[in-house]
Structure formats: structure tokens, C-alpha cells
Amino acid sequence: MGEAGRSKRWLAASSAALAASMLLGTGAADVGARPDVHLLQADDAPVRDDVELASGQFAVGDVVGAHPSVSGDGRFVVFHGAPRSEVEGEASDSRASTVYLTDRSTDETTDLISVPDGLRAGDTMFPVISGDGCTVAAVTELALDVFRDDDTAGRWDVYRKTLPHCGGIDGDWELVSTRNGSGGLARDDVAIAAPTLNRSGTLIAYTHPADHLFEADGVTTVSLVDLAVPVSDAGRSRLVAGMPGDTPNTVYTHAGIDQPVLSDDGSHLAYRSDALSDEAVPVWGVGPVEGGPATRQVYVWNLPEPDPFLAVVLISKTSDGVASAVGASEPDISRDGTVVTFTSSDTSFVDAVYPPCAAECPSQVFLVDRDLDDDGDVGETETPVARLVSAIVDAEPGDGALPVAGIAPSSQSSISADGQLVAFVSKAPNLQLIQAPAIGSGDDGEILLAELHRSALVRVTTEIDGIVPTPGVHAHPDLSDTGRTTVYDTSAASELVVDGAVGGRQVVARSTKPSLAMADADLGTTLIGLESDEWYVAVINDGPATFQPAEVTIDNPQFVINTERGSTCLLGAAVPAGGSCTVALSYVPAVGGAASSTLTVSEAGFDAVSVSATISGSGGEPALRIRQAGLDFPVVTVGESSVELQLDVENIGIPSTSLGSFEITGAHASDFEFTSNNCAFRPLNARAACSVGITFTPADAGRRTALLELGTVSGQYTTAIIAGDGKYAPLVELDTAEVEAGREFLATGSQYPANTEVTVVFGDGPNSSVTAVTDDEGNFAVNVPVSSTERGGNRRIVVQTASGAAASTPVKVIESDQSFVGLPGFGLG
């Protein structure tokens, strides 16, 4: 603060101090995680503010909308469903499925397919939208290009269109699936499965029969199409690397390559294959039993890599570095191709506590990070590490406890652009405290969101109260870039969205904004015309979605943002849940006296959020400096006090001075207090120092911050940010260890958030629940009735708040006597 040798304020102590200081800048401005989303329906029924019925309130048969795909910014959703003519009672066009686009910013849902006059009607399915929201690709029976698609024999082809908001023309679809050497004629035989696009929609991959092989019925492969190449050019389409050139001749049955998924940047393509696709000359693989299917693995093709020995990499390797004996499927890939998720029932990928299984184990969701040092290089210098996503870690980080895997199948993973969030479908009741009934069939289950940065697992599919899970009848999740929006299809729209919603399979979009915090900062007294020390102010993202900073502004030119170094919020890198970015700034006072400004870090585009803080300082003669970067307290239980931490204060001026003001201000000032002080009203010579001690007693959970301000009797002052994390340690107790069905028990709890509603449910099936409100001390007591028809057995009672504070305890239910008193032979006969 005005010294000749300008320093980085948070680098004053050591590099370790910098690591700690980057967590100090939170608390003053808080953007809550409460989402702002509206329902795409016109009625007066109560709705949630975090989900919307993206498929609209029109229904026919069983499928209103299914298999959704969302644009990177979460604004546009495409899905297939019944034609509206069928829904609205108009003349039928003989189609069972068409493709819709919902613009969530305008509430408009549009049918993208119209049957040209004179053509046979047909279905269109599995639409996919590009990350930039401009291109849609789908598989269809319709001959939408009458010059290249003759509408004979097999009818399924891949088409794409540019959407009108990006300059496209309604009804203008371009044929993608052409045969090489045919002059651009339609294939007519593509697999009825979703294609995949890069972010700009210029690359499309799709699955089709491996017709380059002789008599290879049932074997598929994947073609990658570059739409920048003319349709008549043989270089427009090429087979995926890793496809054998010979017909299978092993003692195993083969299916070939399928399930392609492109990275957003178009550099990598993940797929499933039962060939040894990572060999320089790929050959067909083997299986566990002769005459049975060959084992299918997940591979990634690095498109720019010219070396065939390096171009294709096996992803589904066990912890021993060998191909899985069980195999893997359902890959998804991050924006740059460095993180891959997949599904497998193999228990040898990751050390964990798996459920007992005989012939076949339940499938789990795994993740492989191919770039552990985050340098963008996925070469042979790094050994990828697998992680079990469909699991809970019931322990503190670093204590060596193994994750506990789901006891029932998990599948259908979708990964965010930065690879930090994974949504997936699970039937495993043990992955959440409140267990959901596994009544869904086929692909259905409940949808969970894994926040990898902080090892959290959040349920997406809850009822309108946000706590009680819905029945597990949801499938096919897709995440936006930041993971802020999750789209999926469901048969439980009425529980998820609105009371009395129409039936049928529908598409739901659930959005949750990140909870952001950035502390106010005061840079203290600085000499007029000279630049202060450099300060680092942090934006903390408390999740659950990723924050994507795009712009940093400050509205007073006396405060300068360092754009060359230190301001990681300006790098364009995503900030995951539990992560942070920093803004480096300094103060050059033009005049004496106090000055202030507003610092804002903001996103850009649809559904963008921002966070702001007040930055202050004073022009004058500096006298004091706090030696440490600040204080960062360890996690403390709400209501309890931390150990004391101390700060040293130095006289950096020439004359002797003394401290006369000691203040703690800011967002959570009352959480911090002085517990020792040897600086008060004592002389402090030049270069001499004294110390003050601070104790942290959090009043609430989460990041808590304040500003420590120490001043001289003549008016100079210095500041430091002090911060800590609070956590709740809720407890729940019952007045009995067992209860008879038809009666009630008393549940009491403590250490919950004060004056907050809690929901009490049975942990193995939320068929009933009661609510209570905590008092000023965070305590509650509530009588919980037990249905007379409740089956006997052990239960787990879960008490939870909407913010996630939860505790559980066991209880045994005694089944009631079902004798029918009053019938002959039971007292009246």
C-alpha cells in the first residue's frame, strides 16, 4: 500500500498463502442457486420455478416427447414425439413421430418436419442439436431431398437443417447419409439411433451397416461426414478409424461399431466397438464364450492424429491397464475430448465397495480423465485414471475410504462441457438418503447429477417440494455446457412440474443456477498517484451448476483490473461447483479521501448470471500493513467456535503511530470476533508489529466472509479479508426404536438451519411425508404418523431441508394386526 516495492497483496507470505488466499474472496455478493425458470404451459396450476415442461401440454398415446437434446447454452431443446395433428384432433398424417424444437426464451415449440406434397409420410426420430444451437440432425424415413433420396427399399437416412434463428429456412433439410461413389445418393439404411454433431454442426457421425465388408449381415460401422466438403466429393464421408477392413471370421458373433459421440471441438470421436480398434491394423475381438458375442469396448479416435498407432485409444481399461473382460458402452465425451464417461458392469475399473453379484453385476457409470494435469495434452505421457461416478463416498476426503457403488443398474450418462458434471439414470436406491421406488422399466430410473469437483451426488428428479423423490420413471438425460440445464423424458410430469399435468411421456427441462459469492474488499490507504499492492478477489461457485465467466468490469478508473496476469476469471475457463476464479486488481488514487467502485464478473448469452462486489480504498499517507494475506478458517460446525487465528500488523511508515480502530465489517461480520488484541492504543514504532486474534463462529452453512479493518488514530487504515466455511451437523432422534403401523412416533432434531422447513420421510420409499419448521435454534419436534397398511420391517427415517441439510435414523415398523374385528368370529358373530 504505497511502498516503493509494489507487491501482490496475497503473495506476501508464500505460494502456500496464495493457495489459501484464493478462497478468501466470497460472501458480500451472493447469487443464489434458486433458479428462474418458467413453465411452457398456459394454466393456473401451481408450478415449480426450477423445471418446465419442454414438450408442452399436448398429449397423445404414450409419447408426447422423448429423447431430448439441449443446446450448449440451454436455450433450445429438440425431441421427438407425436405429431400435433394427432394431439389436437386434426386430420392424421400417418406419422407416429416427428421432431420438435422448443425455444425456452420464448416458450415456443415448433414442429420442424413437414411432409412435402406427393411424398409418403414417415417417422422422424432421435434429433440432436449442435452445441451452438444452430443445427439439428435426425434420422427419418422421409425423402426430404427428392433429388438424392429415392424413397425406396430401406427408408432411414440422416438429415440436418440450419435453424431459422441462425439463418436457416423452414423445411430446408440437407441429406447427410450418402453412399461414397454414388454421386451423393441416399443410403436408405442408417441405424435408427441418434447421430452426433460437433459444436458448430459441421461434422456429423452416424451408424449404418458395414457394407464395405462382404456378407457381414448385422455388423455396423460409423461414418464421419464433413459438411464443408461438397456432397459429390468422395472425401465428404469417411469410416471411423478402428474399423477392420475384413469380414469377421472368428468363432464369435460381431456387431461392429456404434454409439458414436463427437467432442464439441470436433477433435475426438468416442464409440463402442467389438473390434480391437486401437490396433494399428484393427482386427475383430474375442468374447468370453465361443459362439457368443465378442466383447464390446469404448474407444476414442483422435481425429487430427496421423499415426495409426496413436489415433485410437482404448478407454475401457481396468486398473491393471488391460481391456475389460466385461466390456463397456454408452460413451459421452467432454468438449475437448479429454474426459470420457461410459457404462459397464465390470468391477475391476476402480477399487470400490460393490454389491454382491453372481452371473452379472449391476452396471455402473465410470469416468476417465485423460488429461490429469490439465495441460490439454492427452498423449502417452499420462496414464488415464478411471473414477466411479455412480457411487457415494461416506467419509471425509483423504481418509482412504472406498466409494460405495450403486446396488442396482446405473446408465445413460451425459457429461458437461468441462467434464465436471455428469447426469445419469440410476435404479440404485442406496445412492441417496431418501430412497426412490424403482418402478420404472427398461431405461427408466431416477436421474442423479454427480458434481465431481466436490464428490457430491444430487437428485434431479424430485417432487414439487424439491425434496421428496418422484417414482423412478425418467430417462435419457442431456446436459447443457455448464450443466445448468438438464433435459430428460419422464412419465411423472405431474409430480415434477405441475399438479394435474396431462399424462404421457413428456420432456422436462430442469435448470439450476450456480450459487456465486464475491466479497467486498477495501484496499486501504495508498499514496495519491501511486499504485497499491495487487489484490486478488475471488469468485466462489458453490454449485450445483458450472459458472462460465466472460467479462470482468469495474466502474471507477482509479481501480485497475490486471488483464495480463492473475485474473483467471478472464481466461474463459469454466468454474465448476466448488471451484473459484480470481480477479487481480490494484488502486491508483487520483485524489485524497475515500473512493469506491463496483466490480462485476458476468457470463454472456442465454440465462447468464453475474456477481458483483464493492471495492473501496482511500488516497493518503499509508501507515499500516497486515503481513498475512488474510485468514481462512477451517470448516466449523454452525454455532460452534473455531480456534483463534492471529494476524500481524506492521507500521510501514516512518513516524511512530498507534492503532485506535478495530472493526469487522462485511456480509457476515457477526460470525467473526476479536478474541485477543495486543495492538490497542499502544505506540507502534517504524517497522514494529503487533497482533490481533480472531475467532470464527458461523451462523449458517457455506462460505462466510468479512472485512477486517485496522486504523491509526490519525486516520490511515489497512484491511484483510477473513473467511471460513460453516457446515450443519444435523441430528435426528425418535422417541421409540419401533412403532406399530397405524400409530405415530415423535421425531426431534437439532443443528438444522433456523426457521426452516424440514421434511420427514421414510428412506426406503417416500409414500408419506410430514413437514415441520425449526425454531430459532435450529430444533424441531414433529409427530410422524405411520399408515395402518405400512408393511413391517426396518426403515430409515430421513429428515432433510431444501438446502440439503439431512440426517437419518433407523426405526422398526411392526405390521398391524389385519384381523377384521366386527365380522362373525371376531367379536360380533
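So, Phe 762 stands opposite Ile 797, which belongs to strand β58. Keep in mind that this is a predicted model. The two strands here are β55 and β58, residues 793-800 for the latter, and they run antiparallel, joined by four bridges.

β55 has another partner too. With β56, residues 769-773, it pairs in the antiparallel sense, over five bridges this time. If you want a landmark there, take Val 760: its bridge partner in β56 is Val 770.

How much of β55 is buried? Five of the six residues in 757-762, so the strand is mostly covered, with buried meaning under 20% relative accessible area.

As a general point, nonpolar side chains in soluble globular proteins tend to be buried together. Which residues have the most contacts inside the largest nonpolar core? Leu 599 and Val 601, in a set of 26 residues. Elements giving two or more residues to this core include β34 (516-518), β36 (535-541), β40 (593-602) and β41 (610-619). The top contributor is β39, with four residues.

Let me zoom in on Leu 599. Skipping its neighbours within four places in sequence, Leu 599 is in contact with, among others, Met 518, Val 537, Ile 561, Val 583, Leu 585 and Ile 615. Thr 553 and Ser 612 are also among its contacts.

Apart from that core there's another one, of 24 residues, and Val 770 is among them, along with Val 782, Val 784 and Ala 807.

Methods: Residues numbered from 1 in each chain as written. Predicted model: local features only at pLDDT ≥ 70, side-chain atom pairs only at ≥ 80, totals over all residues. Heavy atoms only, no water. Buried < 20%, exposed > 50% of the residue type's maximum accessible area, 1.4 Å probe, protein only. Pairing = 2+ DSSP bridges. Core = buried A, V, L, I, M, F, W, Y, C linked by side-chain atoms within 4.5 Å. Contact = heavy atoms within 4.5 Å.
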